[in-house]
Amino acid sequence: MEEIVLYMDDLHTNSYAYYCRICHEAEYESCRKLETPCACTGTVKFAHRECIQRWWVEKGNIICEICYP
């Protein structure tokens, strides 16, 4: 069987890499799962649960300032 080598730089060119909108860490860089905590779409759709919880504590509420009408 042929060995396949994947370099970390190859992962950066993947157009399907998702990033946490708060800490900007890519999904593949962390063992923490990205979630969709609100109705946001596009590049701001994903965040780590811990990042969202920390943000809620900092701002004092759980209302998303991006997608809330």
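**Reading the salt bridges**

User: Glu50 has a relative accessibility of 39% and counts as partly exposed. What does partly exposed mean?

Analyst: Partly exposed lies between buried (under 20% relative accessible area) and exposed (over 50%), with a 1.4 Å probe and protein chains only. This is a predicted model, in which local features need pLDDT of at least 70, side-chain atom pairs count only at pLDDT 80 or more, and totals for chains, interfaces and linings use all residues. Residues are numbered from 1 along each chain as its sequence is written, and side-chain values use heavy atoms, with hydrogens and water left out.

User: How many salt bridges does the structure hold?

Analyst: A salt bridge puts a side-chain nitrogen of Lys or Arg within 4 Å of a carboxyl oxygen of Asp or Glu. The structure holds 4. One of them joins Arg32 to Glu50, at 3.9 Å from N to O. Arg32 sits in the loop between helix H1 (8–12) and strand S1 (34–35), and Glu50 in helix H2 (residues 49–59), so the pair ties together parts 18 residues apart in sequence. Helices (H or I, at least four residues) and strands (E, at least two) are DSSP runs numbered from the N terminus. Arg32 is partly exposed, at 26%.

User: Which residue does Glu35 meet in a salt bridge?

Analyst: Glu35 meets Arg49, at 3.0 Å from N to O. This pair links distant parts of the chain, with Glu35 in strand S1 and Arg49 in helix H2, 14 residues apart. Glu35 is partly exposed at 27% relative accessibility, and Arg49 is partly exposed at 46%.

User: Where do salt bridges share partners?

Analyst: Glu65 and Lys59 form a salt bridge at 2.7 Å, N to O. Shared partners join Glu25, Arg32 and Glu50 into one network.
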